[in-house]
Amino acid sequence: DNEKDKAVIDLQLHTIRQSPAETLASLSEACNTLGVESFDVYGDYQSKPQQSYLRQFESEVASCFGKDDAVFCLSGGMAQSIALMIHAKSHSTANNDSSDVRAFACHPTSHLLLHENDAYSELLGMEALITGSTMDFDIDNFKQNGCYGMAPMMLSDVKDILSSDNDTLTTYPNQKSITCNDISTLMLELPHREIGGSLTPWDEVQSMSALCKEKGVKFH
């Protein structure tokens, strides 16, 4: 009987799911502990940290990373979309780029491709350049059957696209022709969740960062 009472942890999930009652109770307890006394309805952007717990939290995070300020996002998908657009606009300005194609590079199993309903394309008007891929990329097959045998993003994949100054590259989903100069951002997810949590070796991550700096590409 004692064995049956033990909690089962599903390693496919990033957290232990609580019931709605448990979630709301824990939020109530956290508000009492942290001194949260008012709702953040439309954002407290004009408030001082002393007036708003959200602004206090953002200021603490900014201080930890040595930044002027921070913004709290409700989801990683929201944060990534904001970052992609900022990087794309910055890239266009820095390079006096008049191209109508805004592109970023990512692994075939990127969360942006598989789980965000093409928001990068539909909302941001951006194109994805898929690293290490061929034209037989089948997103529906990945979603249905998985992609566990695939390797994580490697430095060689990044070199193939960022060092090909004169080569024509093809984007997804609209099959547009670009060069590496049109790529504003390299997206690297650690770990690669869809392929069993595989990691890009840290020395290769550092080399990717150096290459992106050399090429004027943001490394996200």
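Student: What is the accessible surface of the chain, and what share belongs to carbon and sulfur atoms?
Tutor: This is a predicted model, where local features need pLDDT of at least 70, side-chain atom pairs count only at pLDDT 80 or more, and totals for chains, interfaces and linings use all residues. Residues are numbered from 1 along each chain as its sequence is written, and side-chain values use heavy atoms, with hydrogens and water left out. Areas come from the Shrake-Rupley method with a 1.4 Å probe; for residues, only the protein chains shown count as cover. The chain's accessible surface is about 14700 Å², and the carbon and sulfur share is 51%.

Student: What percentage of the chain is buried?
Tutor: Buried means under 20% relative accessible area, exposed over 50%, and partly exposed in between (1.4 Å probe, protein chains only). The chain has 220 residues, and the buried ones make up 33%.

Student: Among contacts between residues at least 6 apart in sequence, what share joins residues at least 24 apart?
Tutor: A contact means heavy atoms within 4.5 Å. Counting contacts in the chain between residues at least 6 apart, the share that joins residues at least 24 apart is 63%.

Student: How many helices and strands does the chain have?
Tutor: Both are DSSP runs, numbered from the N terminus: helices are H or I with at least four residues, strands are E with at least two. The chain has nine helices and six strands.

Student: In what order do the four strands of the open sheet stand?
Tutor: Strands pair if DSSP finds at least two bridges between them. Strand 1 and strand 2 pair over five bridges, and strand 5 (residues 183-186) pairs with strand 6 over two. The pairing is parallel, and the order is 2-1-5-6.

Student: Why is one side of strand 2 and of strand 6 left without a neighbour in the sheet?
Tutor: Strand 2 (126-130) and strand 6 (218-219) each have a single partner strand, so one side of each has no neighbour in the sheet. Both stand at the edges.

Student: Which residues cover the two faces of strand 2 as buried positions?
Tutor: Five of the five residues in strand 2 are buried. I130 also stands opposite C106. One side holds M126, A128 and I130; the other holds E127 and L129.

Student: Which residue in strand 6 stands opposite L186?
Tutor: Strand 5 and strand 6 pair in the parallel sense. Opposite L186 stands F219.

Student: Which helix gives the most to the nonpolar patch?
Tutor: Patches take residues with over 30% relative accessible area and no salt bridge, joining like charges within 9 Å and nonpolar side chains (Val, Leu, Ile, Met, Phe, Trp, Tyr) within 5 Å. A salt bridge is a side-chain nitrogen of Lys or Arg within 4 Å of a carboxyl oxygen of Asp or Glu. F57, F72, L74, M78, I82 and I86 form the patch, with about 580 Å² of accessible area together. Three residues come from helix 4 (residues 76-94).

Student: Is L74 buried or exposed?
Tutor: L74 sits in the loop between helix 3 (53-64) and helix 4. Its relative accessible area is 71%, so L74 is exposed.

Student: How many aromatic pairs are there?
Tutor: Rings of Phe, Tyr and Trp (its six-membered ring) pair if their centres lie within 6.5 Å; planes under 30 degrees apart count as stacked, over 60 as edge-to-face and the rest as tilted. By this rule the count is two.

Student: What is the angle between the planes of F57 and F72?
Tutor: F57 lies in helix 3 and F72 in the loop between helix 3 and helix 4, 15 residues apart. The pair is edge-to-face, with centres 6.1 Å apart and planes at 75°.
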